Amino acid sequence: MKLLAIDTSTEACSAALYVDNEVAECFRIAPREHAVLILPMIEQLLGDAGLSLNRLDALAFGRGPGSFTGVRIAAGVIQGLAYGAALPVVPVSSLAALAEGVRRERQQSRVLAAFDARIGEVYWGAYQADEPGRMVLIGEEQVCPPKVVPEPAAGAWFGAGSGWRAYIDALTSRLGNRVAGFDAECYPHAADVARLAVAGLAAGQAVDAERALPVYLRDNVARKMSD
Amino acid sequence: MRVLGIETSCDETAVAVYDEAAGLLAHALHSQVELHRDYGGVVPELASRDHVRKLLPLVTAVMQQARSVPEDIDGIAYTAGPGLVGALLVGASVAQSMAFAWRVPALAIHHMEGHLLAPLMEADAPAFPFLALLVSGGHTQLLRVAGIGAYRLLGESLDDAAGEAFDKTAKLLGLAYPGGPALARLAANGVPGRFVFPRPMTHRQGLDFSFSGLKTFAANTVQQHGDDAQARADIACAFQEAVVDTLVIKCRRAIAQTGLKRLVVAGGVSANTLLRERLATLAGREAVALYYPRLEFCTDNGAMIAYAGCRRLAAGEAPATRDIVVRARWDMQQLRPPAA
């Protein structure tokens, strides 16, 4: 199995190449530089592995939620690559990728992933590890004020993502002692997008290039004249 | 040399395939006018969201129409500016990554260079050098064009573009977005001469324009004379007269100043019937040859981007970068002739 993944949904920009259970990754915190960095990262990973695009089995991308522009860059780049190399695409939640990274790095099996969505809201998702150890979404992802995020099941959860920096007070007062700890300085990694995508591909979640589309969660972005 | 062109700078998603030998093979466009109408103008975020949904299906359709397979394409040209950054980024991301996958060059094209060169796709293409009037919703410029990438700005609007003034005045007259063409239709029912609008900046030297005052003048006229149907038509008529007259006066000056005998007129406003009539009169009097793109290529389209890219790539231009870089603003005078 060979799969290329990217994520540009947050301040972090990353690309990863998954080849038979081994993952190589380029990762940088680089706000507003994603468009310049992403193709050279891909080129470098493929070059280092001595692979060309048409030797891959699939592509994957962090489909959001996150920065509108960021997720569109990822979607656009993956659309172009997928169309150009006739490859299937596995869209992966950026929140799920964040949770998967926390599971892998910190051995946390229950993660409350939150990105700062600005204007007083968070992008939110609760994830729990399943039997093979992959992160699975509990309930639905949403965008909402931190004081009304859905309360997860009883027990200890670990908070992750920029939402825990911006709204730590509101989140802890909402969730109380369910929060066993948090890390606001972690970001989704393309390596985790790749790992989740391998499972997604096996589960039949691949789409064609035209359907490699962002998921924004926030859809009321403009006011009509009649409003 | 066969080039795929991609245009996403504002509210049209457009794609085309141009072949150096066979000419334009196919083109298609998806307009977002309906999407933005309820908002009274282009909403940049909604424009970007629509581009990322519509672009690839258009590429698929155009490649089929052009009976082309990926191996036939020698390069991809995309609009890199000026325009809405988020919208431009969609075209740039798809173009650069597709070019990477196909191992062909991706060329960043200036949107207004596309408009400027569009008449060169026609059978009676103008020879260089020529004078160019670019009139659209985003630009009003007079340029001396010595060749591809050799542009000298002679004058431009210091505030609103002509097309922008049309749209804003149309909104004032209660016409739905985008009101420019609707205003021109309304003006046909107007009584010429009932109102007289100023001809901004025609009393001083130079080739610059200013159109924002006309919108204010229109607002004041509506206030003083009511807004019954006839008054609105009369105001539309007077407004259009003023804009067209101003454009023609500056063209006449530019012809005199440069001595050029060919005038290219491009951009959305170049479709305006009154402007074409008056320019024809001017051209006859000054013994100047007039050139327009075909009507469907006056407004934004993919063909002009594919064409500009094809001309540059055929001349040996070799883009060195895979950076996805777009620019909201971009001075045409920074462009250079195609270079290897």
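Close-up 1. A:S93 is tucked away, with a relative accessible area of 8%, where buried means under 20%, exposed over 50% and partly exposed in between (1.4 Å probe, protein chains only). This is a predicted model, where local features need pLDDT of at least 70, side-chain atom pairs count only at pLDDT 80 or more, and totals for chains, interfaces and linings use all residues. Residues are numbered from 1 along each chain as its sequence is written, chains are lettered from A and ligands numbered from 1 in the order in which they are written, and side-chain values use heavy atoms, with hydrogens and water left out. The loop that holds A:S93 runs between β5 (89-92) and α3 (94-106) of chain A; helices (H or I, at least four residues) and strands (E, at least two) are DSSP runs, numbered from the N terminus. The serine side chain makes a polar contact with the side chain of A:Y127 at 3.4 Å, and a polar atom of that serine side chain lies 3.0 Å from the backbone nitrogen of A:A96. A polar contact here is a pair of N or O atoms within 3.5 Å; within protein, one must be able to donate a hydrogen and the other to accept it, and residues adjacent in sequence count only if both atoms are side-chain atoms. Setting aside neighbours within four places in sequence, A:S93 is in contact (heavy atoms within 4.5 Å) with A:R63, A:G64, A:P65, A:Y127 and A:E141.

Close-up 2. Side chains of opposite charge can pair when their charged atoms come close. The cut-off for a salt bridge is a side-chain nitrogen of Lys or Arg within 4 Å of a carboxyl oxygen of Asp or Glu, and the whole structure has 30 of them over all chains. One of them joins A:E11 to A:R165, with the closest N and O atoms 3.9 Å apart. That pair links distant parts of the chain, 154 residues apart: A:E11 is in the loop between β1 (2-7) and β2 (12-19), A:R165 in helix α4 (residues 163-166). A:E11 is partly exposed at 25% relative accessibility, and A:R165 is partly exposed at 37%. For a local example, look at A:R195 and A:D192, whose closest N and O atoms are 3.1 Å apart in a salt bridge. These two are about one helical turn apart, because they sit three residues apart in helix α6 (residues 190-202) of chain A. Both A:R195 and A:D192 are buried.

**Close-up 3. Aromatic rings in both chains.** A pair of aromatic rings is described by the distance of the centres and the angle of the planes. Rings of Phe, Tyr and Trp (its six-membered ring) pair if their centres lie within 6.5 Å; planes under 30 degrees apart count as stacked, over 60 as edge-to-face and the rest as tilted. That rule gives ten aromatic pairs over all chains. Among them, A:W124 and A:W164 make a tilted pair, 6.3 Å centre to centre with 35 degrees between the planes. A:W124 lies in strand β7 (residues 122-129) and A:W164 in helix α4 of chain A, so the pair ties together parts that are 40 residues apart in sequence. Each tryptophan is buried: A:W124 at 1% relative accessibility and A:W164 at 1%. Over in chain B, B:F209 and B:F211 are stacked, 5.8 Å centre to centre and 20 degrees between the planes. B:F209 is buried at 0% relative accessibility, and B:F211 is buried at 0%. B:F166, B:F197, B:F217 and B:F239 form one aromatic cluster.

**Close-up 4. Where chain B meets chain A.** Here 33 residues of chain B are in contact with 35 residues of chain A. The two chains bury about 2,800 Å² between them, 68% of it on carbon and sulfur atoms; buried area is the accessible area (1.4 Å probe) that two parts lose on being put together, summed over both. B:R49, B:V52 and B:F100 supply 22% of the area that chain B buries against chain A, more than any other three residues. The interface has four salt bridges, and B:D38 pairs with A:K224 in a salt bridge, closest N and O atoms 3.6 Å apart. A:E43 and B:R322 also meet in a salt bridge at 3.8 Å, N to O. A:R72, A:D219, B:E45 and B:R49 are linked in a salt-bridge network. B:R49 also lies over the face of A:F68, 4.6 Å from the ring centre.

How values were computed. Lys NZ or Arg CZ within 6 Å of the ring centre and 35° of its normal.
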